[in-house]
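Trainee: I am new to this structure and would like to go through it step by step. Could we look at it together before I ask my questions?

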Amino acid sequence: MKTNNKVLLGMSGGTDSSVAALLLQDAGYEVTGVTFRFYEKENDTEYLEDARTLCGHLNIPHITYDARDIFRKTIMDYFINEYMAGHTPVPCTLCNNYLKWPLLKKISDEMGIYYFATGHYVRRRLINGHYHITTGADPDKDQSFFLWGLPQDILQRMLLPMGELTKTRVRQIAEERGFQKAAHKRDSLGVCFCPMDYRTFLRREVPEGNIQPGKFFDEMGDFIARNEGYPFYTIGQRRGLGIDLNRAVFVKEIIPEENKVILSDLKALEKTEMRLKEWNITNPDLLLGREDVIVKIRYRKQANRCTVTLLPDQTLHVELHEPLAAIAPGQAAAFYRNDVVLGGGIIL
Ligand SMILES: Nc1ncnc2c1ncn2[C@@H]1O[C@H](COP(=O)(O)OP(=O)(O)OP(=O)(O)O)[C@@H](O)[C@H]1O
């Protein structure tokens, strides 16, 4: 598609996308706002009204796109199924990879709009002919960890007006420009459809009887205690096991077929390799076989050096230079060099 000065902005009705709209307009773009209906808690559609009102104030067109069915199938059902398989799901990463950004591109294509944008706190850089996501300027808000899965045809058309800003500055801008409600909206916390403990969500969503009480065992196969059923535990979990031993124990392994959860000390959770499926690499030359790559499997407080190779079965092998504890199947791993996201995948 030929470039033009039009941009489709994902408008959640919150602070970031509101300020993103203002900044894109200031920069001379012709902005259209789109609000995806992904999930509506107790049918609350106030966010739709907020987004519509904001677009009205900015004098820009606003459209809504009903993605509730596809969100239910690809994100919420996946989330439940992953826990039922003994895995730890990453719904926000998958929503970005498979829904939010592909939908922005699809609708832009249909409307003849070249650019698309969000209020994500990330930046983008062209390196050796390939676009890469880089970390946002606000270290507390950086969302690069969730965007390793985007292909070039999306990366090349994205605009990221929040990338250079801090959240504090963004709230100030909203206030200065008279967007009081947006300025004082609370940040969204965690997974949109499951802001509470995921166990409460599973109890509500999984039909009665599908989760049966199970058992904790130690690494030697000795019974420790009964538990509430394997889906209620995640690899690396220490708190909330409901047992009182005279030593610290962690969830090491989950065996759904036998409804067993294996507990051990932290050291036994360490691994020096992992494999990834559903991976994306921005530029193989910058990642594969290189010694200076960092892998993150958690949003914060973890960064390990690694070497990544492609295996004949088309999975990625990640050799960790130092052991890493609590690697859970289903989680995402994102690769970095300094501030640059090089790709990522889902842990097998
Ligand atoms: N329902 C939605 N419809 C359209 N775009 C959305 C929607 N939800 C999120 N986005 C886009 O994705 C960006 C990141 O979403 P995320 O939920 O991580 O941030 P947020 O803190 O809720 O952002 P905001 O302050 O704009 O609500 C948003 O800034 C927005 O551009």
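Trainee: Over residues 200-264, how far apart are the end C-alpha atoms?

Mentor: Before answering, note that this is a predicted model, in which local features need pLDDT of at least 70 and side-chain atom pairs count only at pLDDT 80 or more, while totals for chains, interfaces and linings use all residues. Residues are numbered from 1 along each chain as its sequence is written. The chain over residues 200-264 is 9% helix and 32% strand, where helices (H or I, at least four residues) and strands (E, at least two) are DSSP runs numbered from the N terminus. The end C-alpha atoms of this stretch are separated by 26 Å.

Trainee: Which UniProt annotation covers residues 200-264?

Mentor: The name comes from an unreviewed UniProt entry, and such annotations, given in the numbering used here with shortened feature names, may be inferred rather than shown by experiment. For residues 200-264 the record gives "domain: tRNA-specific 2-thiouridylase MnmA-like central".

Trainee: Into which domains is the protein divided?

Mentor: The bounds come from an automatic or database domain assignment. On that basis the protein is split into domain 1 (6-183), domain 2 (212-264) and domain 3 (270-347).

Trainee: Which strand gives the largest share of the side of domain 1 that touches domain 3?

Mentor: The C-alpha centres of domain 1 and domain 3 lie 25 Å apart, and their contact takes 20 residues from domain 1 and 16 residues from domain 3, two residues being in contact if their C-beta atoms, placed from the backbone, lie within 7 Å. On the domain 1 side, β5 (122-127) and β6 (130-135) each supply at least two residues. The largest share, five residues, comes from β6.

Trainee: What radius of gyration does the protein have, and why does it agree with a compact globule?

Mentor: The radius is taken over C-alpha atoms, and the globule rule is 2.2 Å times the number of residues to the power 0.38. Because the protein has 348 residues, a compact globule would come near 20 Å, and the value for the protein, which agrees, is 22 Å.

Trainee: Is C95 buried or exposed?

Mentor: C95, which an unreviewed UniProt entry annotates as "active site" along with C192, lies in helix α4 (residues 91-111). A residue is buried if 20 or more other C-beta atoms, placed from the backbone, lie within 10 Å of its own, exposed if 12 or fewer, and partly exposed in between. Because C95 has 24 other C-beta atoms within 10 Å, C95 is buried.

Trainee: Which residues does C192 touch, not counting residues up to four places away in sequence?

Mentor: C192 is found in the loop between α7 (180-183) and α8 (198-205), and with 18 other C-beta atoms within 10 Å, C192 is partly exposed. Leaving out residues up to four places away in sequence, C192 touches F38 and Y39.

Trainee: Which residues are closest to the ligand?

Mentor: A residue is near a molecule if its C-beta atom, placed from the backbone, lies within 6 Å of it, and 17 residues surround the ligand. Among the elements of this shell, α1 (15-26) and β2 (30-37) each supply at least two residues. The closest residues are G10, G14, D16, T118 and G119.
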